[in-house]
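Here is a short report on a single protein chain.

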Amino acid sequence: MTYCKLELLLDSSVCVCFFLLYVILLFPGVSGVTGVTQKPSVLTVRKGETATMDCNLGTVTDRAAYWHKQIPGGVPQYVLFFYHGDSSPFYGSGFSSPKFTSSHQSTSDYRLMIRNVEKRDSAVYYCSTWDDSAKETVSQ
């Protein structure tokens, strides 16, 4: 899972959003699997503009990208998931188009767009996916 921190700063009458991106390996220790990454490392967006976050699923292909939003001190909220074979994303409660939407550039490259950015959009945004390459199950 990787995440993107969206901070909204008020400077005079201008709002600026900074997307600070970090990389966390997906399934560390699993051979042959590369991590989920987001780009760019910093993105500046003014209030009212569209914020765009890109997510690469690494070696995981033909899977959906899941996006979550977490406000500091709160629990993660499911924003949406999008699979390249679907015509539109599936939304979590309280999230909808056209404010939030997603697209894909390939079977492993996804994009989250937040239109008309405002202060309440300040949060940490997580991109994740899953990989079923492990063929063993553990039960108790």
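A residue counts as buried under 20% relative accessible area, as exposed over 50%, and as partly exposed in between, with a 1.4 Å probe and protein chains only. By that rule, buried residues make up 36% of the 140 residues in the protein. The model is predicted: local features need pLDDT of at least 70, side-chain atom pairs count only at pLDDT 80 or more, and totals for chains, interfaces and linings use all residues. Residues are numbered from 1 along each chain as its sequence is written, and side-chain values use heavy atoms, with hydrogens and water left out.

## Fold and surface

The protein has 11 strands and 0 helices. Both are DSSP runs numbered from the N terminus: helices are H or I with at least four residues, strands are E with at least two. Read along the sequence, the pattern is β-β-β-β-β-β-β-β-β-β-β.

Contact means heavy atoms within 4.5 Å. Take the contacts between residues at least 6 apart in sequence: 50% of these join residues at least 24 apart. The accessible surface comes to about 8,000 Å², and 54% of this belongs to carbon and sulfur atoms. Such areas come from the Shrake-Rupley method with a 1.4 Å probe; for residues, only the protein chains shown count as cover.

## Core

A nonpolar core is a set of buried Ala, Val, Leu, Ile, Met, Phe, Trp, Tyr and Cys residues joined through side-chain atoms within 4.5 Å. The largest one here has 21 residues. Those with the most contacts inside it are Leu57, Trp67, Leu80, Phe100, Leu112, Ile114 and Tyr125. At least two residues of this core come from each of β5, β6 (65-70), β7, β10 and β11.

Thr101 sits in strand β9 (residues 100-104). Its relative accessibility is 13%, so Thr101 counts as buried. Leaving out residues up to four places away in sequence, Thr101 touches Leu80, Pro89, Tyr91, Arg111, Leu112, Met113 and Arg115.

## Disulfide

A disulfide is a covalent bond between the sulfur atoms of two cysteines. The criterion used is a pair of cysteine sulfur atoms within 2.5 Å. The structure holds 1 disulfide. Cys55 and Cys127 form it, with their sulfur atoms 1.8 Å apart. The link of Cys55 and Cys127 is left-handed, with -75 degrees about the S-S bond. Cys55 lies in strand β5 (residues 51-56) and Cys127 in strand β11 (residues 123-128); the pair links distant parts of the chain, 72 residues apart. Both cysteines, Cys55 and Cys127, are buried.

## Rings

Rings of Phe, Tyr and Trp (its six-membered ring) pair if their centres lie within 6.5 Å; planes under 30 degrees apart count as stacked, over 60 as edge-to-face and the rest as tilted. A search of the whole structure finds 4 aromatic pairs. Two of them are listed here.

| Pair | Centre to centre | Angle between planes | Type |
|---|---|---|---|
| Phe82 and Tyr110 | 6.2 Å | 85 degrees | edge-to-face |
| Phe95 and Phe100 | 5.1 Å | 80 degrees | edge-to-face |

Phe82 lies in strand β7 (residues 77-82) and Tyr110 in strand β10 (residues 109-114), so this pair ties together parts that are 28 residues apart in sequence. Phe82 and Tyr110 are both buried. Phe95 has 10% relative accessibility and so counts as buried. Phe100 has 5% relative accessibility and also counts as buried. Tyr66, Phe81 and Phe90 form one aromatic cluster.

Which residue lies over the face of Trp130? Arg63 does, at 4.1 Å from the ring centre. A charge sits over a ring if NZ of Lys or CZ of Arg is within 6 Å of the ring centre and within 35 degrees of the ring normal.

## Backbone exceptions

Most residues other than glycine have a negative phi, and most peptide bonds are trans. The peptide bond from Ser97 to Pro98 is cis, with omega near 5 degrees. Pro98 is placed in the loop between β8 (90-91) and β9.

Asp62 is not a glycine, yet has a positive phi of about 60 degrees. Asp62 lies in the loop between β5 and β6. At 39% relative accessibility, Asp62 counts as partly exposed.

Asn116 also has a positive phi, near 50 degrees, in a residue other than glycine. The loop between β10 and β11 holds Asn116. With 47% relative accessibility, Asn116 counts as partly exposed.
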